[in-house]
Amino acid sequence: MSPHQNRRRVAVIGTGAIVSGSHLPALTAHADRAELVAAVDVDQGRLDAFRELAGGEVAGYTSVDALLDAVHPDLVLIGTPPSLHREQTVAALKAGAWVLCEKPLCLSLAEYDEIAAAEEASGGYAPVVFQHRYGSGAVHARELITGGALGAPLVAHCQTTWHRDAAYYAVPWRGTWAGEGGGPTMGHGIHQYDLLLHLLGPWTEIRAMAARLVHDTESEDVSTALVRFANGALATVVNSVLSPHEVSRIRVDCADATVELTHLYGHRNEDWVYTPAPHVPADRAAAWRTPDADVPSSHTAQLGALLDALDNGARPPGSGPDARATLEFAAALYKSAFTGRPVHAGEIGPGDPYYAAMHGDHPHWAPTEERA
């Protein structure tokens, strides 16, 4: 492997399935630009297994502070449970590193603003993993929609209907507000509605419902929402872990075409379908075909964009106001579902109970001693 003049020194925090299965292959794909130098995990056995899997001279630590003090990485990848994200992200930023953190980046808007303050103080950036934005099919669809090639967006549907059983929720931190920040709205559907926001732009109003229908959890196991966008489009959003037929789907009906994405955990060009309206000439519709280059949505694609930003000293996509807007959408969905009233973009700020926690201290949803 020949060294690259801007080859970045990378550390990972957490060595579980998402890091070994997604972040490590991404680093391998970008080995000319990034070198994994260290890993940290509180489980020594898991850490040792990861270091063997990673090969090479990857230093191992069981303390984040010890790693940051000893290694001084350029970039830190975080794949720990969500309750640890804010603390670990802020620590890495203060140590002078940039961060790429698994979703959700943190558990509340209040925590997000702590991260934003740490970004400003350090000069670094902390994007969240929203890899579905980065496939070539998503890039192409966004260019067509935002550029007006398909006509005005009018109606949209966003569906994350997955299935998780009782064994999944036997992991102590799952299904809890303190551990995950929420249910499928925060931990599962967030990828799809982040992509929806990426395609359609700012939302202005949300009306939602949520329920615990099957699982004995603090948070919901299903949520639904009606959303109004600034461009006038109306959308439905469904987040479920109760659905035996698992699918992830986005559909956007524009004045001149319908664009549909159907997949599960990742997409390629072939998963995007364009249906022209009857009045659209065939030659115009032919121009909407997905590009020849087929880049799957993946950690690899997002890491490449992040390394580009790091090389250029520019704010990376998926960070700052862009990432905050997705977290604000989650907070607004919960607030609307739990209060029974519409919530408008920008209304949740300091002093609002839904700014500090996604459950908003609602008496029927906030954690109780019985559930602790």
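Helices H4 and H5 are roughly parallel to each other, a label given to angles under 35 degrees, with those over 145 counted as roughly antiparallel, 65 to 115 as roughly perpendicular and the rest as oblique. The axes of H4 and H5 (residues 109-122) come within 9 Å and cross at roughly 5°; axes are lines fitted to C-alpha atoms, for helices over the stretch in contact, and angles run from 0 to 180 degrees between N-to-C directions. The model is predicted, so local features need pLDDT of at least 70 and side-chain atom pairs count only at pLDDT 80 or more, while totals for chains, interfaces and linings use all residues. Residues are numbered from 1 along each chain as its sequence is written, and side-chain values use heavy atoms, with hydrogens and water left out. Helices (H or I, at least four residues) and strands (E, at least two) are DSSP runs, numbered from the N terminus.

On the H4 side, Arg86, Thr89, Val90 and Leu93 meet Glu111, Glu114, Ile115, Ala118, Glu119 and Ser122 of H5, contact being heavy atoms within 4.5 Å. This contact has four nonpolar, two polar and four charged residues (Ala, Val, Leu, Ile, Met, Phe, Trp, Tyr, Cys and Pro count as nonpolar, Asp, Glu, Lys and Arg as charged, and the others, Gly among them, as polar).

A second pair, H6 (residues 136-146) and H9 (residues 190-200), has axes that come within 8 Å and cross at roughly 40°; H6 and H9 are therefore oblique to each other. Ala138, Ala141, Arg142, Ile145 and Thr146 of H6 make the contact with Leu195, His198, Leu199 and Leu200 of H9. Six nonpolar, two polar and one charged residues take part.

Turning to open space, the largest pocket holds about 1200 Å³. On a 1 Å grid over the protein atoms alone, a pocket is an open set of points with protein on both sides within 12 Å along at least five of seven lines, a cavity is a set where a 1.4 Å probe fits but cannot get out, and lining residues have an atom within 4 Å of a point. Grid points are joined across faces, edges and corners, and a volume is the space filled by probe spheres set on the points. Of the 45 residues lining the largest pocket, Ile18, Gly79, Thr80, Glu102 and Trp173 lie nearest its centre. H4 supplies the largest share of this lining, four residues.

The structure holds one cavity of 30 Å³ or more. About 60 Å³ of space lies in the largest cavity, whose lining divides into eight nonpolar, one polar and no charged residues.
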